[in-house]
Amino acid sequence: MALKTVKRSERKKHQEAVTEEKFCLLFQSKFNVANEMTFQVWTLSLPVVVIVHGSQEAQATAVIMWDNAFAELGRVPFEVPKEVLWKALAEQLNFKFKSQIGTGLCEEHLRFLAAKLLGRKEDTMEDLSNVKVSRAKFHKENLIERKFTFWEWFYDAMKLVKDHLQDLWNNGCIHGFLAKQTAQDWLLQKAPGTFLLRFSDSILGGVTIAWIRQDSESGNG
């Protein structure tokens, strides 16, 4: 579906970007029963975000994903919770990844993603069942020492797999979601020539190749 024009609400400098502005479609109909009673019915679609450039796609997807997953029944349009449990968000990340790629995320992947999102080390994290994640941290605030958000990083990794590595991922040939130190520790236990692919921490949609050399040291490239 293509829109010819979009009438947006007036926004000031301090207000949200256009990818935060949600719309919905109104469906309505009228029908007769036994030529005696006339009924008018209507319903609203799930929220949609109107974008004008491909660069806005990632943020728009994050807005819609959060809304569809966590909006409460009977809410005031289009209110959503400011934070949710990590467990609930992890389920949605897995669902999104699996729907796009075919094979979902394992517990190790999700634990790595939790550490990345929360800015912690995996070995310092305990029970995550009561940990909450804010919407701002999910797709608005940049990761520590990075110029992109967690969602932008995850979205581009998912897009990379879908466009170029889907068969390899589904065949279990790519670990992907793995910390640099974890990769090095794992490779030091393997024979020289062993390598693995993980998603780059510093480049959106990038892959890092880590390997074990003959001198028993691991490398990255």
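The crossing of helices α2 and α5 is right-handed, a word used when the near helix is turned clockwise from the far one by less than a right angle. This is a predicted model, where local features need pLDDT of at least 70, side-chain atom pairs count only at pLDDT 80 or more, and totals for chains, interfaces and linings use all residues. Residues are numbered from 1 along each chain as its sequence is written, and side-chain values use heavy atoms, leaving out hydrogens and water.

**Where two helices meet**
- The axes of α2 (residues 86–101) and α5 (residues 150–170) come within 9 Å and cross at roughly 35°; axes are lines fitted to C-alpha atoms over the stretch in contact, with angles from 0 to 180 degrees between N-to-C directions.
- Helices here are DSSP runs (H or I, at least four residues), strands are E runs of at least two, and both are numbered from the N terminus.

**A nonpolar patch on the surface**
- Phe-31, Val-33, Met-37, Phe-39 and Val-41 form the patch, with about 400 Å² of accessible area together.
- Patch residues have over 30% relative accessible area and no salt bridge, and nonpolar side chains are joined within 5 Å (like charges within 9 Å); the areas come from the Shrake-Rupley method with a 1.4 Å probe.
- Strand β3 gives the largest share, three residues, and Met-37 is in this strand.

**Salt bridges**
- The count comes to seven salt bridges, each a side-chain nitrogen of Lys or Arg within 4 Å of a carboxyl oxygen of Asp or Glu.
- In one of them, Arg-135 pairs with Glu-20, with the closest N and O atoms 3.0 Å apart.
- Arg-135 lies in helix α4 and Glu-20 in the segment before β1, so the pair ties together parts 115 residues apart in sequence.

**Backbone details in loops**
- The peptide bond from Pro-77 to Phe-78 is cis, with omega near -10°, and Phe-78 sits in the loop between α1 and β5.
- Asn-35, in the loop between β2 and β3, has a positive phi near 55° although the residue is not glycine.
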